[in-house]
Amino acid sequence: MSNVLNIADRPGRDTRLLEQARDAAIPPLVDAFAVALGRFDDALFDRAERAGPSQMAFLDAMRELRRRRDDIIGRFRGQLQRSWKALEAGQPLSIERVFLESAEDTLSLVSEQELESRLAVRNFANVIQRECKPVLARLDRRLGWIAGDITLDADLNPIGPEHIGVAVHQGFAGCDLAPDVRLVVIKLCERDFVPAIARIYASLDQRLMQVGVMPELPARRAPTPAAAAAAEELDVSGDGEEPGAPAWAARFLNRMAGVSRGLQASQPAPAPSGFGDVPPGYASGPGAQGVLLEALHHLLQESRRGRDAGDATEARAVDPRQRDLSQREMLSVLSLLQASPSATLRAAIGDTGESLSQRLKNEVLSSATQLGVDPSQARLAPVDEDAIDLVGMLFDVMLDERDLEGRPRELIGRLVVPFVKVALLDRRMFVQKTHPARRLLNVLAEACEGNNGESAAERTLLTKVEEVVDRLVAEFNENLAIFLTLEEEFRAFLEQHRRRIEIAERRAAEIQRGQERLEAARARMTSELDERLSGRRVPQAIEDFLRQPWAHHVTMTVLREGDDGTGLRESLALADGILEELTEAQRHVVGKPWLQAWRTDMLKVFASVGMNQDAAAGAVDALHDTLQAVAAARPDLEKALPELPQVVLPKPVVDDDTTPIQLVGGADTLDFDHSDADHFRGLPIGTWLDFIDKDNKVQAGKLSWVSPISSRLLFVNRRGVRFCVASPEELAAMVRLGRLRTHQSEDAFDSAMQGVIERLEPAPSATTPA
């Protein structure tokens, strides 16, 4: 094996190593799929016993899978082999291309069942990707290297998760399964097939490394215990593969040492943090959450001192007659506000100009009278003021900067008081990414953002949000478990909604693909027609034939077969033949049996536009008589075509277009940076961008599909509906106009906390040296 260790300078593909890798991957994958398939029988039988009215669908599926077992495995194997051959040829297949080619034989949109099946295998692929991410990254590089130093990724690796998912889809494509059962079968692959796939990946990676294929690639290192603990506290991955701490937390981590040194230098003993009962040594010790909480407290103090210094009339003075409200009193007052928020608090939620923090503090003090407390003799404890300020500012930012209007704004606003209570009970909500309260807020904000209740699905989603908010307001006392319960229930509901969105997104891509294929077919037809008729005098009957039935026939032929199909060549030959005979007739050749050689093809063209056999024969005769009249120089004898059926080319189905910017056609007239255009050409599918309209309102768009025909990029909104289709050059022009930017954080809580930090941090002084 020493002869393969020194292959760094090989000129191109290593055929022998590719064959070895293929034999080490595809047969084991096929065998593992066959083993998993054999286990489906018991699982489907168990489902049948619990299925009630749909029991027969599962029993029928058991019989179908037994009957078609060899065919299923063969189709699975065939798809993997096809993808591998493309890699060996130096032209690896993309998943989009596989699905496009599978739809070439039909002009209709992909059925909803087909879309659901594709979506299910994409989810299956995501599971593989999540379970095998490190080893897949190495396999992409090793396989790409031996295939000729090409770049492989999840979309191009022939044994990657996406291609295995397509192979599973193809395997079951020929089976007669009920739609719900088909999805269950694909789901079973996650349980019974994924573990074997992970083992096969690891084995192949090890073998390639042993034979000298990029042996320098590092294996994944386990984080140290200290790093793991810090990562768990701040939700930092530790391995660099997943997003780390949120931006605001990272900023505090950078200044953490300075905060600690400042505390130690200015105070002989640790001072109370004012933000909850931080245990001694926790804030200045190794606890990352404690340091962040301490930094937040000091930032709030600095902000208050800055405001007090700016307005002497509001300077704080400690009144010895006043006492701090106890936590029990605070929670009681907040429970009253939670159950019955005052009109002024509701108004503050709807008013973008009033500070929620200040309104909340005023409401708490004034509502304390219901507990028998004299507001003139009470004040907020520092810990409580911190909690109210942070929560109030958090919701101020969220309501101001996210697309929450009308009913969604009201629903999110009703969460303010419950979240103040959470902040009093558990300060970790601000620094722990997995805290159930912030997780619930994130999913509720996702459901509400941009949801104007325009569709039945959106209205159903808002109704569900209202149910969750009602339950939280009615049932939350001091037990945080309700947040976990509601978040799990709502997330399950939201997953069903997301599935509908993903189907709508797939539908938008299918519609756009159909529209572009139709546009390309029309352009080809127009080009061929103009080439033959431009500047030429043609009898009306022949021109009518070419511009109507022949044009329709050519367009449909290109749609079905593409630009290089036999049907198009035959259609072009027909037009050329008719025009050649016209040229002969114009030279007054007489006695020729006009169009006899083309009669069969012409009858086919007329039939394609809906003419019956007799009418089509009459139309051909009219064209024959016209040529005969031309040859005899008797234009008065030229015939007109009989009335043709109404020929209507298929119109693309177009969703409501809410493109937020008017784009200028023609890249040569656009003002853009070519590096921006290059960036958009390589933009990964699934990337979100922020589109800004003329009123500076922001709408997030997700890159859903890139046209293989025009290279235009299709963006959908959060409902999965198409709202922008643009070329890379047009997108680059939008960047220059300030109408397009990188999308902000998807996590509503983290994004809002970043906004809070930006509002709290003092602006740099103009006199501060650079």
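**Entry 1: the cores**

I began with the largest nonpolar core, which has 75 residues, and Phe395, Phe430, Phe483 and Phe490 have the most contacts inside it. A nonpolar core here is a set of buried Ala, Val, Leu, Ile, Met, Phe, Trp, Tyr and Cys residues joined through side-chain atoms within 4.5 Å. Buried means under 20% relative accessible area, exposed over 50%, and partly exposed in between, with a 1.4 Å probe and protein chains only. Helix α15 (residues 382–401) gives the most to this core, with 10 residues. I then looked up Phe395, which touches Leu356, Ile412, Leu415, Val416, Phe419 and Leu441, leaving aside residues up to four places away in sequence; contact means heavy atoms within 4.5 Å. A second, separate core of 67 residues includes Leu177, Cys189, Leu208 and Val213.

A note on the source: this is a predicted model, where local features need pLDDT of at least 70 and side-chain atom pairs count only at pLDDT 80 or more, while totals for chains, interfaces and linings use all residues. Residues are numbered from 1 along each chain as its sequence is written, and side-chain values use heavy atoms, with hydrogens and water left out.

**Entry 2: the whole chain**

I found 27 helices and 7 strands in the protein chain; helices (H or I, at least four residues) and strands (E, at least two) are DSSP runs, numbered from the N terminus. Of the 770 residues in the protein chain, 47% are buried.

**Entry 3: helix α6**

I checked the length of helix α6 (residues 161–173): at 1.5 Å a residue its 13 residues should span 18 Å, and its end C-alpha atoms are 18 Å apart, which agrees. The expected span is 1.5 Å times one less than the number of residues. I also see that 11 of the 13 residues of α6 are buried, so the helix is largely enclosed by the rest of the structure. Among the buried ones are His163, His169 and Phe172.

**Entry 4: two loop residues**

Asp149 sits in the loop between α5 (112–146) and α6, and at 57% relative accessibility it counts as exposed. Ala633, also not a glycine, has a positive phi of about 55°. I placed Ala633 in the loop between α24 (613–631) and α25 (674–681); at 49% relative accessibility, Ala633 counts as partly exposed.
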